[in-house]
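Please read them with the model open.

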Amino acid sequence: MSSGLYDGGIKELAQLDVSPEHLADPDRRASVDNPFCGDQVDLEITVEAGRVTALAQRVRGCMLCQAAANVVAQSAIGLSSAEIGHVHSRLAGMLAGDSTPDWAPPGWERLVLFEPVHRHRSRHGCVLLPFRALLEALC
Amino acid sequence: MRQVTGPVSKQAWSPDKLRQQFPILQREVGGRPLHYLDNAATTFSPRCVQDAVAHYENHSRSNVQRGMHQLGIEATDAFEAARGSVARYLNAASCDEVIFTSGTTFGVNLAAHCLGQSLQSGDEIVVSQAEHHSNFVPWQQLCQHYGVRMRLIPVLANGSLDLSGLDQVITERCRVVAVSQISNVTGSITDLQTITRQARRHGALVFVDGAQAAPHGPLDVQALDADFYAFSGHKCYGPTGIGALWIRSPVLASLPPFLTGGGMIERVDIQGTRYASGYRRFEAGTPPVAQAIGLGAALDWLMTLPWRGIRAHEQALSRQLLAGLSQVGGLTLLGEAAAQDRAPIFSFDIEACHSHDICQILDGYGVALRGGHHCAQPLMQALGLVATSRASIAVFNTDADIAALLCGLHDAVETLR
């Protein structure tokens with residue numbers, strides 16, 4: 001009866017401890033909220049030549065938000081704003097229902113775990129919130 | 001709420017017959033019966049409310065106050081009868097004290113805007129830290145705009161108001177105290193008598209947000225000794241987009257208009273405008289006629305209900321829910337622990353289980369809960385929380401609704417941990 005959202009690895013992904021809450025000397029910070037539910041992501045990064053070199057975040061959110069944040073923490077290092085924006089766009093497209101096979105970009109394959117979320121429109125923002133935080137920090 | 005009198009029935013009141021008046025309760029969600037426990041956000045309307053709105057739309061739809069034709073007269077009669085229903089429900093001294101609004105939020109904004117013009121530097125506005133954003137942000141904006149200090153009544157660890165230092169918060173500088181009668185998060189019932197007494201000592205006005213109290217039976221604003229009382233129709237079994245603001249007559253007469261335009265004037269010429277008196281000064285433009293008529297029907301319906309029996313039923317459901325929640329490990333309940341000391345609104349936090357995930361899983365059981373900050377982020381911050389799950393009980397809820405909630409909750413905890 002658990003709606004299928006929490007099977008297939010989301011829970012395990014959410015429970016990973018993959019990033020610290022703070023960096024010693026961050027270059028940029030972003031703090032974003034989901035006004036719908038109050039979820040919050042406070043993110044710090046260091047950037048070199050326009051690419052993310054380190055990331056820390058404090059996530060106060062649901063399991064979907066936590067899981068998405070952990071994917072971001074593990075996969076965003078070395079990427080630019082444009083590349084992160086591309087991933088965000090593909091993910092948002094999948095959630096909106098217009099995904100194609102292999103929609104998840106290389107290095108981001110674990111995002112397929114979020115495919116069941118597309119049926120739950122009220123939860124799309126939970127998955128996208130960590131990406132919003134990172135894109136805001138890279139602006 | 002008004003004191004309930006009358007004989008005690010030997011048989012407990014049951015909502016079984018009353019439920020037949022709510023067509024929406026017949027529907028299913030995902031193949032399961034609907035267990036709607038999000039009544040503090042919006043509740044359902046009985047057929048008599050829907051019929052009243054349909055009757056206006058199908059028989060008398062026209063503008064009010066200025067119509068010289070039969071339909072206009074009928075519409076005006078129905079609209080003003082609805083105002084009378086609001087006045088009776090609130091036990092207002094006069095219909096002239098009742099302003100139709102779009103809901104509680106509009107009522108707070110109206111009061112804040114109108115009172116702002118009389119404030120001076122050094123004045124203070126007092127709100128509680130448990131307020132809904134609707135009764136917080138307008139006052140915060142007012143204070144920032146006029147350079148007035150905003151002071152807070154703090155909360156206890158369970159989210160109920162801490163009135164122990166009230167004489168330090170409401171002082172001779174206070175001009176307005178704005179508090180809710182019942183918290184939309186904790187279900188705590190505010191000790192308005194103590195707050196009003198302290199406010200009166202210093203000549204401050206008292207604004208009461210009645211959004212969560214109004215659905216639970218007829219009120220007595222005169223006994224409250226407040227100056228403003230706002231509530232919403234959609235939480236009182238009425239339509240959306242309608243509410244009312246009661247203002248004590250002398251205060252109402254002293255206030256400048258809020259919105260200006262048609263319907264709120266006595267005369268307009270190129271030199272200026274003379275405004276209408278009474279509630280009309282605050283109802284610019286064509287009002288939400290159908291919605292007001294629906295609200296009147298809802299309040300008329302509420303006034304026919306056997307409130308003594310209903311409150312006993314609500315308390316029985318509350319005890320059932322509280323007992324079930326106490327069996328959930330890691331659960332923290334906000335508000336008072338005993339059913340008789342609170343309204344039937346229950347917010348809880350479960351360790352390692354986010355409210356959004358809980359609500360998602362409960363939806364699979366046909367159980368409609370609310371999860372999030374409930375538009376009360378200052379309260380959440382005080383309690384060190386981001387979000388809670390909330391169940392809120394209405395007159396049509398049954399023990400089956402509570403059982404479904406508890407069953408789903410155990411599954412949710414098992415799934416999420």
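1. Helices (H or I, at least four residues) and strands (E, at least two) are DSSP runs, numbered from the N terminus. On that basis, B:N91 lies in the loop between α3 (70-90) and β4 (98-101) of chain B. Phi of B:N91 is near 55 degrees, a positive value in a residue that is not glycine. B:N91 counts as partly exposed because its relative accessibility is 28%; buried means under 20% relative accessible area, exposed over 50%, and partly exposed in between (1.4 Å probe, protein chains only).

2. This is a predicted model, in which local features need pLDDT of at least 70 and side-chain atom pairs count only at pLDDT 80 or more, while totals for chains, interfaces and linings use all residues. Residues are numbered from 1 along each chain as its sequence is written, chains are lettered from A and ligands numbered from 1 in the order in which they are written, and side-chain values use heavy atoms, with hydrogens and water left out.

3. B:Y237 also has a positive phi, of about 70 degrees, and is not a glycine. B:Y237 belongs to the loop between β9 (228-232) and β10 (243-247) of chain B. With a relative accessible area of 3%, B:Y237 is buried.

4. Which strands pair with β7(B)? Strand β5 (residues 124-128) of chain B runs parallel to β7(B) and is joined to it by 4 bridges; two strands pair if DSSP finds at least two bridges between them. Within this pair, B:I125 has B:V176 of β7(B) as its bridge partner. Strand β8 (residues 205-209) of chain B is also parallel to β7(B), over 5 bridges, and here B:A178 stands opposite B:F207. From β7(B) the chain passes through helix α7 (residues 192-201) of chain B to β8(B), a right-handed β-α-β crossover (with the strands pointing away from the viewer, the path from the first strand over the helix to the second runs clockwise). Strand β7 (residues 174-180) of chain B is mostly covered, with 6 of its 7 residues buried.

5. The axes of helix α2 (residues 47-60) and helix α10 (residues 289-303) of chain B come within 8 Å and cross at roughly 145 degrees. Axes are lines fitted to C-alpha atoms, for helices over the stretch in contact, and angles run from 0 to 180 degrees between N-to-C directions. Residues making the contact include B:A52 and B:Y56 of α2(B), and B:I293 and B:W301 of α10(B); contact means heavy atoms within 4.5 Å.

6. B:L299 is placed in helix α10 of chain B and is buried, at a relative accessible area of 0%. Leaving aside residues up to four places away in sequence, B:L299 touches B:S85, B:V86, B:Y89, B:F231 and B:C236.

7. An open sheet of 4 strands in chain B has the order β13-β14-β17-β16 with antiparallel pairing. Strands β13 (331-333) and β16 (370-372) of chain B stand at the edges, each with a single partner strand, so one side of each lacks a neighbour in the sheet. Neighbouring strands are turned by 30 degrees against each other on average, direction ignored. β13(B) is joined to strand β14 (residues 345-350) of chain B by 3 bridges, and B:L333 has B:F348 as its bridge partner in β14(B). Helix α11 (residues 307-325) of chain B lies across β13, β14 and β17 (388-392), running at about 5 degrees to β14(B).
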